[in-house]
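Subject: A structure for you to explore

Hi there,

Here is the structure I promised to pass on to you. Please open it beside this email and follow along as you read.

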Amino acid sequence: MAGDSVTRNEDPGTGERSDTPVASPDLILEAKGITKRYGGTLALDAAAVSVRSGEVHGLLGQNGSGKSTLIKVLAGVVLPEEGELTVGGDRLTFPLAIGEAHRRGLRFVHQNLGLIGTLTVAENLFIERLALSRRTFRINWGSFFDEARDTLRRYGLHIDPRIAVQEIKLIDRSLLAITRAVAPNTATGSASIARLIVLDEPTVFLPRDDVGRVFGMIRDLVSQGIGVLFVSHRMDEVRDHTDRVTVLRDGRNIGTVETDSVDDDELVRMIVGEHAARSARAAEELAARGDQDVPLRLHKLSTRTLREIDLTVPPGEILGITGLAGAGYEEILYAVFGAGRGATGSVELGPDLADVRELTPHRAMELGMALIPAERLLHGIAARVTVEENETLTVVDRYFKRLFLNRSALNVVASRLTMQLGIQPTDHQMQTDQLSGGNQQKVLLAKWLVRRPRVLLLHEPTQGVDVGARADISTFIRQMAELGTVVIFGSAEYEQLADLCTRVVIIGDGRISRVLVGDQVTKENILSECLRTSSRVAPALGGAAAK
Amino acid sequence: MTVATPTERGASSPPAVRRRRRLSLERYVLPLTWLAVIVVFSILKPDVFPTGDNASAILSINAVLVVLTIGLLAPLTVGDLDISAAAVVGLSAMLVVILNTNRHVPVGYAVLIALACSCVVGLINGFFAVVVGIDALIVTLGTGSLALGATAWMSNNSTVTGLAQSLVNLVVQDQIFGVSIEFYYSIAICVLVFYLLRYTPLGRRMLIVGQAREVARLSGINVARIRIGSLLFCSFLAGIAGILYAGTSGSAEPGGGSELLLPAYAAAFLGSTTLTPGRFNAFGSLIAVYFLATGIVGLELLGAQNYVQQIFYGAALLVAVLASTLIKRAASRNA
């Protein structure tokens, strides 16, 4: 039974590290050898995961690595071809009966939470009871709401059960969904209590400041002996809040390790495999050549919200610019590229001096600049044309010879870019919106890197991409800088800023409020400096009034 | 990992191949349907339908519609609707005839003046739609109506005849392989636009402008210039269509050309479901025009009334767009 369970996580072919956890009597869930095929593709290849009582267990992997398929197998929604599932010491047989996972104490909270916005908090909390009730008309609403309030309080949620879910804050919705999953349901009379809760990226839609409350609730659950299987893309959350992690790649177990026994780089390498090394090589091929000792200087740059910003960025540096939402730091990027409306000042790049008022994206491109905008499908690439057409758009003139576009040469360019950036699938005649977010982002990078820019202006370049693509893109940016590209990196992801930049400029109140250099560049410092800009706006009224 | 990668690739490539094959089926639905229509009418009316005269008539008569439809592709590709083009056909036709007959302007100059006036309409469209920023549909609704009114005004609301025979010869009397020369003009224009859209950087830029205007702007494309140019080009081709229109009949009538608006749009959209599905394309539009014309001539030979035209245009357009949507949906479900 549970006693003979040893997590099988060796992957002989890869040589990745793998710790075999001690066989544990309080193993709540053990899945092993789970194999699932979709057509010719192996979605899961002998995947395994085990969760102990009172443990937060991270499940990591890139998009498409098999995480969600594995979770669906646990929930009994997807039937695997092979595999064993043991819950609380009892071996279950596939296919699972309807509701079996629930009876055994497995609970699932999906990314979209499964709440109905127009119903009240109480109705959502007890939705199962309402759905299963034999009564058609009579509900004692008074006691219904009282009971809901009690249940919510017990889990530390102080919200009015009578208001509609769409009226409550995002964080409260997340907490409500988790509460609903774990609260004992007295009305249905089932003896089932929650033993394991599976949280599928519960924090992606939450404001960063509220994420802590989710983990507070998770800690409470864990202290009651409940196991938590936690799916996330955020390295810092995994690092801070999990005991062990299991990494999946291409449907296979790469390993299960104690979180404290590995560092971030190791973890990322487990997740992404060889990708990172390839991006480094590709960056070398794509970086600009020649006269590299040219810094980018901004003189008295003013925009709608910014006033007279002066900055110098030497080649080889990744300059971070950030601030609170609404501080307008990103306007620097667009103004420098000639895409900001109503901007003034000048941009100097070596011998070239451009008045920002006369600068257009076309002229900025001639000067060697490239802008990766944040809104990928709105500003970055066209969704309904092919990958090739997006990738080659900025250089298409070079392939117009003897009155004809050299389509085969364009195909070669696109193939090479697709390979260099590791874009999947490799068929560059596919329509761009058929790619995943991370791959679309790489298409956007490819479109600009093909010009070998001297200045790379980045606005949230890893927004909404999976951890693998994120690591690829970070490596890329770093390599481009090392090879002499001027990089300005505008982002509200403080951890990534701290990771990539040696100098971070914090914008507040329309001007540079602080510059962090060297050792000062930490996630905490950036955050506190950003917050300080807001308190300076209206110190007497507190942070809220700043908005 | 080095061992695993090729097998993964092997596993993922068959769906891609299958997808492409299904797409290529969608590509040829319209041409194949056209052939089927020809075969069916040839069987039903073996003595009048499959004849050289009939084929020659269908090919010549529709040259005006082909040129107008091809003209519409430019604004459609960049994401604008120009509904003034059909009125410009009438304006251009009327100008040529009136200048040549009432004002005794040599026919060559009359043609140039008519084309210049057509281009002026295009520039007005471009100014209001792009520089001022009013929706092109509304702008061209206005200018189209103005052009229609101007045509009626200058002709005192009556048909004008007596166009120089030299132009009539150059449009319809001269024949190559039994088909009027205007057909070859329309094919030449079709080839030109095919080339522009497919084999020039300009065509690529137009596509991006139409699909995602902000992406185009942030990629250094001069969006305004491309949109104005497209509206100008559309009006220019409408002007040429007007000259063919006048040359075909040797006369011009007030309100002439406006009957072409709906068929031209039907053909342009129908054409976008074929050859390169999802994109407005020249040869697709050409096939669509002749598919519609063939169907209507066939039905009329079978004794159908005049109104069958409108019904056939509408039904064909709806069926084709529906079919292409369903095929696309099925493809993405299976992908």
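First, some ground rules. This is a predicted model, in which local features need pLDDT of at least 70 and side-chain atom pairs count only at pLDDT 80 or more, while totals for chains, interfaces and linings use all residues. Residues are numbered from 1 along each chain as its sequence is written, and chains are lettered from A and ligands numbered from 1 in the order in which they are written.

**The two chains**

Chain A comes to 19 helices and 22 strands, and chain B has 15 helices and four strands. Helices (H or I, at least four residues) and strands (E, at least two) are DSSP runs, numbered from the N terminus. In chain A, 47% of the 547 residues are buried; in chain B, 47% of the 335 residues are. A residue is buried if 20 or more other C-beta atoms lie within 10 Å of its own, exposed if 12 or fewer, and partly exposed in between, with C-beta atoms placed from the backbone.

Next come contacts, meaning pairs of residues whose C-beta atoms, placed from the backbone, lie within 7 Å. Taking contacts between residues at least 6 apart in sequence, 71% in chain A join residues at least 24 apart. For chain B, the figure for such contacts is 77%.

**Helices in chain B**

Helix H5 of chain B covers residues 85-101, which is 17 residues. From first C-alpha to last, H5(B) reaches 24 Å, close to the 24 Å expected at 1.5 Å a residue (the expected span is 1.5 Å times one less than the number of residues). H5(B) is mostly covered, with 16 of its 17 residues buried.

How do H5(B) and H12(B) cross? The axes of H5(B) and helix H12 (residues 223-249) of chain B come within 7 Å and cross at roughly 50°, which makes H5(B) oblique to H12(B). Axes here are lines fitted to C-alpha atoms, for helices over the stretch in contact, and angles run from 0 to 180 degrees between N-to-C directions. Angles under 35 degrees count as roughly parallel, over 145 as roughly antiparallel, 65 to 115 as roughly perpendicular and the rest as oblique. By class, the contact of H5(B) with H12(B) has 13 nonpolar, five polar and no charged residues. Ala, Val, Leu, Ile, Met, Phe, Trp, Tyr, Cys and Pro count as nonpolar, Asp, Glu, Lys and Arg as charged, and the others, Gly among them, as polar.

H12(B) also meets helix H10 (residues 201-211) of chain B: their axes come within 10 Å and cross at roughly 100°, so H10(B) is roughly perpendicular to H12(B). Arg205(B), Met206(B) and Val209(B) of H10(B) make the contact with Val223(B), Ile226(B), Arg227(B) and Ser230(B) of H12(B). These residues divide into four nonpolar, one polar and two charged.

Helix H7 of chain B (residues 136-154) packs with H6(B) at an angle of about 150°, with their axes 9 Å apart. That makes H6(B) roughly antiparallel to H7(B), and the crossing is right-handed.

**Residues to look up**

Most residues other than glycine have a negative phi, and most peptide bonds are trans.

- His104(B) has a positive phi of about 60°. His104(B) sits in the loop between H5 and helix H6 (107-132) of chain B and counts as exposed because it has 8 C-beta neighbours inside 10 Å.
- Lys300(A), in strand S11 (residues 296-302) of chain A, has a phi near 45°. Lys300(A) is exposed, with 12 other C-beta atoms within 10 Å.
- Phe94(A) and Pro95(A) are joined by a cis peptide bond, with omega about -5°. Pro95(A) lies in the loop between strand S5 (90-92) and helix H2 (100-103) of chain A.

Happy exploring!

Conventions: Contact = placed C-beta atoms within 7 Å. Left-handed = near helix turned anticlockwise from the far one by under 90°.
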